Amino acid sequence: MLNTWLERGLQLDMKTTIVATGITQQANNFDCGVHVLYIITKMIEAEKNGKLLEYLEKGGLPVEWGTAEIVANYRQEVRDLFISLVESDT
């Protein structure tokens, strides 16, 4: 789905690889989804600001997008959001 969005929205040829050089891989068995969600969120924000194509043309996404500390904080934000949504429904 991400490839389709990029192809249609940015008119990119998806034979090109998107490189996330330097972005930390999760060090546990449960943060993969959080990493993906965070990076996609950052890509959407960059697109809204007109920066995504610039990043991709330079060959990669900013390293600071994927530090372990940032992703851990994002995991906590997502957790807090889910809890607040559940509590507001009860």
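Biologist: Is glutamate 54 buried, partly exposed or exposed?

Modeller: Glutamate 54 counts as partly exposed, because its relative accessibility is 31%. The cut-offs are under 20% relative accessible area for buried and over 50% for exposed, with partly exposed in between (1.4 Å probe, protein chains only). Bear in mind that this is a predicted model, where local features need pLDDT of at least 70, side-chain atom pairs count only at pLDDT 80 or more, and totals for chains, interfaces and linings use all residues. Residues are numbered from 1 along each chain as its sequence is written, and side-chain values use heavy atoms, with hydrogens and water left out.

Biologist: Which residue does glutamate 54 form a salt bridge with?

Modeller: Lysine 51, with the closest N and O atoms 3.8 Å apart. A salt bridge here is a side-chain nitrogen of Lys or Arg within 4 Å of a carboxyl oxygen of Asp or Glu. Lysine 51 is partly exposed too, with a relative accessible area of 37%.

Biologist: How many salt bridges does a search of the whole structure find?

Modeller: It finds 3. One of them joins lysine 42 to glutamate 45, at 3.4 Å between the closest N and O atoms. Both of those lie in helix α2, 3 residues apart, which is about one turn of the helix. Arginine 79 also pairs with aspartate 80, their closest N and O atoms being 3.6 Å apart.

Biologist: OK, new topic. What does the secondary structure come to?

Modeller: The protein chain has 4 helices and 0 strands. Helices (H or I, at least four residues) and strands (E, at least two) are DSSP runs, numbered from the N terminus.

Biologist: And how far does α2 reach from its first C-alpha to its last?

Modeller: It reaches 24 Å with 17 residues, close to the 24 Å expected at 1.5 Å a residue. That expected span is 1.5 Å times one less than the number of residues.

Biologist: Which residues in α2 are buried?

Modeller: Val34, His35, Tyr38, Ile39, Met43 and Ala46. They cover an arc of only 165 degrees around the axis, so they sit on the same side of α2. The arc is taken from the directions from the helix axis to the C-beta atoms. Just after α2, glycine 50 takes a positive phi of about 70 degrees.

Biologist: What about α4, which residues are buried there?

Modeller: Val71, Tyr74 and Val78 are buried in α4. Down the axis, the buried residues of α4 fall within an arc of 55 degrees, so they line one face of the helix. Exposed residues Glu69 and Glu87 are on the face turned away from that buried side.

Biologist: What do the buried residues of α4 pack against?

Modeller: They pack against α2, residues 32-48. Contact means heavy atoms within 4.5 Å.

Biologist: How many residues make up the largest nonpolar core?

Modeller: There are 12 residues in all, among them Leu52, Leu56, Leu61 and Trp65. Such a core is a set of buried Ala, Val, Leu, Ile, Met, Phe, Trp, Tyr and Cys residues joined through side-chain atoms within 4.5 Å. The elements giving two or more residues to this core are α2, α3 (52-57) and α4. α2 gives the most, with 5 residues.

Biologist: Last one: what share of the chain is buried?

Modeller: Buried residues make up 23% of the 90 residues in the protein chain.
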